[in-house]
Each structure stands twice: as structure tokens, then as C-alpha cells.
Amino acid sequence: MVRSLHFPSKTPSVSRFLFYSFFKTLVGQQVTVELKNDLAITGVLISVDQFLNIKLDEIKVVDEARYPHMIPVKNCFIRGSVVRYVQLPAQAVDTALLQDAARREAQQPTTAQQGNVRVK
Amino acid sequence: MSDVVPAPTTAVPAPAPETNAVEEPLDLVRLSLDERIYVKLRGDRELRGKLHAYDGHLNMVLGDVEETITVVDINEETYEEVIRTVKRNSEMLFVRGDGVILVSPPSRA
Amino acid sequence: MEQPSQTRSPTDFLNSVIGRRVLVKLNSGVDYKGVLACLDGYMNIALEQTEEWVNGQLKNRYGDAFIRGNNCYTSAPTRLACHRTA
């Protein structure tokens with residue numbers, strides 16, 4: 001597997017791609033997803049999409065005593081918008097590459113920079 | 001998202017060269033890459049960590065993070081408010097931008 | 001949708017207060033006082049010499065502060081009331 005972040009050169013909203021590409025490089029890693037309702041789930045990252053929806057397998061709820069109904073659940077789909085944090089294995093993250101990607105993305109003009117954001 | 005259109009008369013500016021000038025608010029965040037920053041989040045949470053990545057939504061990846069959660073407990077007998085802070089650490093943390101209230105870079109005095 | 005050029009738009013107002021001390025009020029009741037460095041179309045705000053006030057008490061100071069604004073994708077943590085302070 002090629003572990004690199006690459007972006008299509010002429011995307012109008014590059015913003016969508018940085019973390020999507022980043023999470024794709026973490027597929028197969030064990031992560032802990034903490035939701036906005038405080039439920040935290042550890043599992044293997046199976047897939048991610050552009051909304052940062054996440055599929056996890058071999059899951060284990062961090063505080064099982066508080067959420068006993070989750071014990072039989074073995075895999076799950078998490079809507080991106082309910083995520084607060086994702087704890088990542090540090091050794092799986094190339095921080096220099098990430099920073100470069102973030103800087104490169106910052107150079108793209110955004111709709112906000114253009115000033116007039118019109119809604120039809 | 002498709003209903004947001006840039007004004008047709010506005011020419012798309014050429015990508016600005018990377019500078020140290022703060023011309024738009026996100027420049028403050030850009031200039032904090034590879035620095036330790038302070039982030040205030042919804043739910044009385046604060047983070048301190050090294051900024052490795054961010055995007056326009058304020059999604060971020062932080063390294064060597066210390067999280068401080070402020071909890072207000074009510075004493076059941078006296079109804080006094082007891083303020084307590086809980087600290088947690090993580091090596092590498094993705095933070096979803098919609099919870100972000102404020103980002104403060106290290107002071108560049 | 002073109003504004004008549006003689007009317008002052010909200011954008012004109014905001015441009016005219018850049019560099020001045022402003023008060024930014026959040027929905028949560030927290031206030032930020034500082035010098036308005038810049039803002040963008042999402043109402044993200046950069047303040048300098050920022051003071052954080054909660055219930056009339058000064059809680060924090062930040063040299064620079066980025067305050068996340070309203071944007072099209074999420075419900076916003078900030079309601080922006082931006083007025084000149086003396």
C-alpha cells in the first residue's frame with residue numbers, strides 16, 4: 001500500500017480531501033472514536049468516506065459497564081457529524097507529510113476568501 | 001453545498017504565496033502549524049497540543065495532547081457547585097471542527 | 001442581487017471596524033474583547049490582544065485568537081454581535 005497523501009490538482013473545495021485522504025491512510029489501524037454523547041468505541045478502521053463517516057470492526061466500547069447494550073455489537077458505522085475525537089496510533093501518522101499537506105491546502109483559495117458567498 | 005456559488009463577477013484570485021501576513025482568520029491557524037496551540041471546544045473542554053493539520057472546517061490533528069474537561073458537580077446536600085477538572089492525554093488526536101470555539105496560537109511576541 | 005453602490009452593506013461596516021477594538025458575543029454567554037484583525041465570509045474572526053469575559057469576569061487573555069464563525073456546513077457556536085466599544 002502506498003502511504004502518501006495526494007490530491008487532485010484542480011479540486012474546487014480541497015478542504016474535503018485532506019482529512020479524507022488522511023483517514024484512508026489509517027485503514028487497518030486500531031483507533032478510538034469518541035462521540036459527542038461521550039460514548040467511546042475502539043476498533044479497527046475499515047473505511048471512511050468524504051463526510052468522514054467511519055466504519056469500525058472488532059469494536060469494543062471503552063466504558064462497557066455504562067453501555068452494556070453495546071457489548072454484543074461487533075462492528076458499526078458512525079456518522080461523521082457525531083464524532084468529537086478520533087484517537088490515533090501516533091506511529092501510524094507521518095506528521096511532516098501531514099503538515100506539508102495542510103500548508104499546500106491553505107494555498108488554495110476558498111469560497112470564504114472570495115468574500116461574496118451567495119446562497120441561491 | 002452545490003447551492004453556494006461564488007459571485008460570478010469575482011475573479012478567482014491566484015493562490016497567494018505562503019506569507020507570514022495575517023490576511024484572513026485562517027492564516028492565524030496556518031502560522032501555528034508545528035506549534036503548540038490552545039483550542040477551546042464546546043462542552044467545557046480545552047486542548048493543548050501540537051498542530052499537525054487543519055482544514056477550513058477547523059478539523060485538526062494534534063499531537064501530544066492534553067485535554068482538560070471542566071465539570072461542575074452539585075453537592076446533593078448543600079447544593080454547592082463544586083468545579084472539578086479532569087485531564088487526559090493522547091499521543092495523536094483528530095478533532096472534529098464543529099466543536100471548535102476558539103483557537104489561540106502560541107504568542108508571537 | 002447587486003447592492004446599490006451608495007448604500008453601506010454589512011460588509012462595508014465590518015471593513016470599517018477592522019483594526020478597532022470590538023466585542024464579540026457568543027451564544028454561550030462568553031464575550032471576547034479585542035482588536036479585530038480580520039474576518040472572512042464564514043464569519044471566522046481573528047482578534048488580537050483578546051480578553052475572554054464570562055459573567056462579567058475576566059477569565060483569560062490570548063495574544064491572538066481565532067474564533068470559529070458561522071459557516072454553511074454546521075450549526076454555529078458563535079452568534080456574532082460585533083459592535084464598537086469606546
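Author: Here it is. This is a predicted model. I'll start with surface. Chain B has an accessible surface of about 5,700 Å², and 50% of it belongs to carbon and sulfur atoms.

Reader: And how much of chain B is buried?

Author: 47% of its 109 residues count as buried.

Reader: What's the element order in chain B?

Author: Along the sequence, chain B reads β-α-β-β-β-β-β. That is 1 helix and 6 strands.

Reader: What share of the contacts in chain B joins residues at least 24 apart?

Author: 44%, counted among contacts between residues at least 6 apart in sequence.

Reader: Where does B:Y79 sit?

Author: In the loop between β4 and β5 (81-95) of chain B.

Reader: Is B:Y79 buried or exposed?

Author: Exposed. The cut-off for exposed is over 50% relative accessible area, and B:Y79 has 65% relative accessibility.

Reader: What about B:D98, buried or exposed?

Author: B:D98 counts as buried, because its relative accessibility is 12% and buried means under 20%. B:D98 lies in the loop between β5 and β6 (100-104) of chain B.

Reader: Which side chain does B:D98 make a polar contact with?

Author: A:K36. The two side chains are joined by a polar contact of 2.7 Å.

Reader: That takes us to chain A. What's the layout there?

Author: From the N terminus, the elements of chain A run α-β-β-β-β-β-α-β. In total, chain A has 2 helices and 6 strands.

Reader: Which domain does UniProt place on chain A?

Author: The UniProt record, an unreviewed entry, has "domain: Sm" at residues 18-92 of chain A. In the model, that span is 9% helix and 41% strand, and its end C-alpha atoms lie 16 Å apart.

Reader: Now α2 of chain A. Where is it, and what span should it have?

Author: Helix α2 of chain A covers residues 95-106, which is 12 residues. At 1.5 Å a residue, α2(A) should span 16 Å, and the end C-alpha atoms are 16 Å apart, which agrees.

Reader: Which residues of α2(A) are buried?

Author: A:L98, A:Q99, A:A101, A:A102 and A:E105.

Reader: Where do the buried residues of α2(A) fall when seen down the axis?

Author: They fall within an arc of 160°, so they line one face of the helix.

Reader: Why would spaced-out positions point the same way?

Author: An α-helix has 3.6 residues a turn, so residues three or four places apart point the same way.

Reader: What do the buried residues of α2(A) pack against?

Author: Elements from two chains. In chain A the partner is α1 (17-24), and in chain B the partners are β3 (45-54) and β4 (60-74).

Reader: Which contact is there at the start of α2(A)?

Author: A:D94 makes one. A side-chain oxygen of A:D94 comes within 3.3 Å of the backbone nitrogen of A:A96.

Reader: On to chain C. What's the element order?

Author: The elements of chain C run α-β-β-β-β-β from the N terminus. So what does that come to? The secondary structure is 1 helix and 5 strands.

Reader: Which residue in chain C has a positive phi near 65°?

Author: C:M43, a residue other than glycine. C:M43 is in the loop between β2 (31-39) and β3 (45-54) of chain C. With a relative accessible area of 30%, C:M43 is partly exposed.

Reader: Where is C:R20?

Author: In the loop between α1 (10-17) and β1 (21-25) of chain C. C:R20 counts as partly exposed, at 40% relative accessibility.

Reader: What separates the C-alpha atoms of C:R20 and C:V35?

Author: 5.2 Å. C:R20 and C:V35 are 15 residues apart along the chain.

Reader: And the totals for chain C?

Author: Chain C has 86 residues, of which 43% count as buried. Its accessible surface comes to about 4,700 Å², and 48% of that belongs to carbon and sulfur atoms. Residues 24 or more positions apart make up 35% of the contacts with a separation of 6 or more.

Terms used: Residues numbered from 1 in each chain as written. Chains lettered and ligands numbered in written order. Predicted model: local features only at pLDDT ≥ 70, side-chain atom pairs only at ≥ 80, totals over all residues. Heavy atoms only, no water. Helix = DSSP H or I, 4+ residues; strand = E, 2+ residues; numbered from the N terminus. Expected span 1.5 Å × (residues − 1). Buried < 20%, exposed > 50% of the residue type's maximum accessible area, 1.4 Å probe, protein only. Arc of directions from axis to C-beta. Contact = heavy atoms within 4.5 Å. Polar contact = N/O pair within 3.5 Å; in protein donor to acceptor, adjacent residues only side chain to side chain. UniProt positions renumbered as here; feature names shortened; annotations may be inferred. Areas by Shrake-Rupley, 256 points an atom, 1.4 Å probe, with all protein chains shown as cover.
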